[in-house]
Amino acid sequence: MAKKTKNAEAAVAVEAERKPYELMFILKPDMLETAYKKKLKDFKEFLENSKAVVSVEDIWGKRPLAYRIKQKDDGIYVVYNFVAPANFIHEINEHLRIDTEILRHLMISLPKNYAYNVFKEEPMEEKAVKKEKKPFKRERRIEEHDVRKTPDSSGEKPVKIEPKKEDVSEEKRKPDKANLDEKLDKLLGGGDLNM
Amino acid sequence: MAKNIFSTNQKHPLGKRRCTFCTNQIEYIDYKDLPTLKHFVDGFKRIKNHYYTGVCLQHQKQVSNAVKRARFIGLMKFTS
């Protein structure tokens, strides 16, 4: 049996194709810059020692996670593109799984004509219009509420309509005042000057 | 990828929709490409049916795969 397995392993090693892979993993957000850069340097050496050719190393830096992973809200994202023999991938996955400073990792195989792109995210949308509308509604509700509190005094409709009445009265008063002035002038002019 | 590609798709009637990825000759849909993937996700962050996205079955499969990868690595939400 042992001979058979050895032969099989050798055959796999010979047949193993070199394929392009992409690896993304998330480091803990508490790590300092010097610490995680040293860690990445070691990891890159580990890759290159095992016959992998690294083409892209992209460090995204700290960014918020979409949901909590291992009680962390942020994470340091790192992306690698490399070409490696297929039987080596399992080894890398084990290496990353055991590591306690890595929250999560994702290894995928890439198509042959793949070019690494950096995608820009759009800024968050601000909902300014809705914020303006809300206080208006609250004010209306408060006014209605106040009206309900003071209902019993009379059958007439209360506080809301009063300002309108005042406006009307002011408008009416202005012509009255003018007329009164004219009348007073006539009366006074007729009486006092002759006297 | 431009935003306009996906906004125009819904203006056409259901019978006349064409796959946006086929017309733009995009072969591989990246899971890091969040600006495009957000068009294929619901208000509740569920993957839209290809009946509503207007994408062909091959590309719909790629889209759903990309969304699932993005979810796993913490770039997109599972639910909201």
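**Reading chains A and B**

Modeller: Along its sequence, chain A runs α-β-α-β-β-α-β-α-α, where helices (H or I, at least four residues) and strands (E, at least two) are DSSP runs numbered from the N terminus. This is a predicted model, where local features need pLDDT of at least 70, side-chain atom pairs count only at pLDDT 80 or more, and totals for chains, interfaces and linings use all residues. Residues are numbered from 1 along each chain as its sequence is written, while chains are lettered from A and ligands numbered from 1 in the order in which they are written.

Colleague: How many helices and strands does chain A have?

Modeller: Five helices and four strands.

Colleague: In which sense do strands 2 and 3 of chain A pair?

Modeller: Strands pair if DSSP finds at least two bridges between them. Strand 2 (residues 53-69) and strand 3 (residues 72-85) of chain A are antiparallel, over eleven bridges. Ile69(A) has Lys72(A) as its bridge partner. Two residues separate the strands in this hairpin, and Lys70(A) in the turn has a positive phi of about 50°.

Colleague: How many residues of chain B are in contact with chain A?

Modeller: Contact means C-beta atoms, placed from the backbone, within 7 Å. By that rule, 14 residues of chain B touch 16 residues of chain A. Helix 3 (34-37) and helix 5 (57-72) of chain B each give two or more residues to that side of chain B.

Terms used:
Two residues are in contact if their C-beta atoms, placed from the backbone, lie within 7 Å.
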